[in-house]
Amino acid sequence: MQSSLPSLASIENWPVPTAAAAVVRADGTLAGSHGPTGRRFPLASVTKPLVAYAVLVAYEEGAIDLDEPAGPEGATVRHLLAHTSGLAFDENRVMAAPGTRRIYSNTGFEALGDHVAKAADIPFAEYLRQAVLEPLSMTATSLEGSPAKDAVSTVDDLVRFAAEVQAPRLLDPRTVLDAMSVTYPGLTGILPGYGHQRPNDWGLGFEIRDGKSPHWTGAGSSPRTFGHFGQSGTFLWIDPDARAACVALTDRPFGAWAVEAWPPFTDAVLADLRAA
């Protein structure tokens, strides 16, 4: 469909072969979309919020506890979700004591997938399907490898997920509030693609904007904005103050083009939402 938000059409100007985007309000209504929203794109690290949501379902179902041991010695499920387990980015190597540094870790999310799979006694990809994808009718989404980065999805499906996070049905709203709140405040660390951040605030599987600069969201994004971006040129942000979420998927890897294009795009979307 052609967007009712003029800003969404600006993805046509991005230097990418294909892009699709949409905005969904907190009440679940679609504010607008543009591009092939039914096309499947690799999500890269936008996989992580989906995986985190499934982990939180496992917690609410009683299969796991957030403060039980998981990952390296002394770490817990909560540490893994918040990138504070001490595990390295992409190898099974401990670089810090749990809870002392924010080390963004694909390995940590793979450990989460293994932990839930063992507790639930089913492969994690199947647990994700049963716990999150199927209940939200995300029929075009699948996890095809690592829980850190190998989901494939569409804008249409991620709109369903963004609507759920804003008005939870699969989780207690208090659990989602925890996920979008700073976990282990004050920790420093590197935000991939954007350098060292003091502090580098995260919730449970979601990155929190706070006062980070530079950042992939907009200058007008509220400090409470949370979400994730992926190295495949993808992002999902939710701004509680704007009462809306935005999804954008592309088929060009993240790089300087995204650093330049995404913040003004987000600011234009927020301006359209205020004017609507």
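Reader: Is Arg-129 buried, partly exposed or exposed, and at what relative accessibility?
Author: This is a predicted model, and the answer is computed from it. Buried means under 20% relative accessible area and exposed means over 50%, with partly exposed in between. Arg-129 therefore counts as partly exposed, at a relative accessibility of 33%.

Reader: Which residue forms a salt bridge with Arg-129, and how far apart are the closest N and O atoms?
Author: A salt bridge needs a side-chain nitrogen of Lys or Arg within 4 Å of a carboxyl oxygen of Asp or Glu. The partner of Arg-129 here is Glu-134, which counts as partly exposed at 48% relative accessibility. The closest N and O atoms of Glu-134 and Arg-129 are 2.6 Å apart.

Reader: Which residues are linked with Arg-129 in a network of salt bridges?
Author: Arg-129 forms a salt bridge with Glu-134. The network of salt bridges also takes in a further Glu, so the residues linked with Arg-129 are Glu-134 and Glu-126.

Reader: Which residue forms a salt bridge with Arg-93?
Author: Arg-93 is partly exposed, with a relative accessible area of 40%. The closest N and O atoms of the pair are 3.1 Å apart, and the partner is Glu-91.

Reader: How many residues apart in sequence are the parts that Asp-241 and Arg-224 tie together?
Author: The side chains of Asp-241 and Arg-224 meet in a salt bridge, 2.7 Å from N to O. Asp-241 lies in the loop between strand 10 (234-239) and strand 11 (244-250), while Arg-224 lies in the loop between strand 8 (207-208) and strand 9 (226-230). The pair therefore ties together parts that are 17 residues apart in sequence.

Reader: How many salt bridges does the structure hold?
Author: The pairs described above are among them, including Asp-241 with Arg-224 and Arg-93 with Glu-91. For the structure, the number is 11.

Reader: Are helix 1 and helix 5 parallel or oblique to each other?
Author: Helix 1 (residues 47-61) and helix 5 (residues 155-166) pack with their axes 12 Å apart, at an angle of about 50°. Angles under 35 degrees count as roughly parallel, and 65 to 115 as roughly perpendicular. The two helices are therefore oblique.

Reader: How many nonpolar residues does the contact of helix 1 with helix 5 have?
Author: Pro-49, Leu-50 and Tyr-53 in helix 1 meet Leu-158, Phe-161, Glu-164 and Val-165 in helix 5. By class, this contact has 1 charged residue and no polar ones, and the nonpolar residues number 6.

Notes: Residues numbered from 1 in each chain as written. Predicted model: local features only at pLDDT ≥ 70, side-chain atom pairs only at ≥ 80, totals over all residues. Heavy atoms only, no water. Buried < 20%, exposed > 50% of the residue type's maximum accessible area, 1.4 Å probe, protein only. Helix = DSSP H or I, 4+ residues; strand = E, 2+ residues; numbered from the N terminus. Axes fitted to C-alpha atoms, helices over the stretch in contact; angles between N-to-C directions. Parallel < 35°, antiparallel > 145°, perpendicular 65-115°, else oblique. Contact = heavy atoms within 4.5 Å. Nonpolar A, V, L, I, M, F, W, Y, C, P; charged D, E, K, R; others polar.
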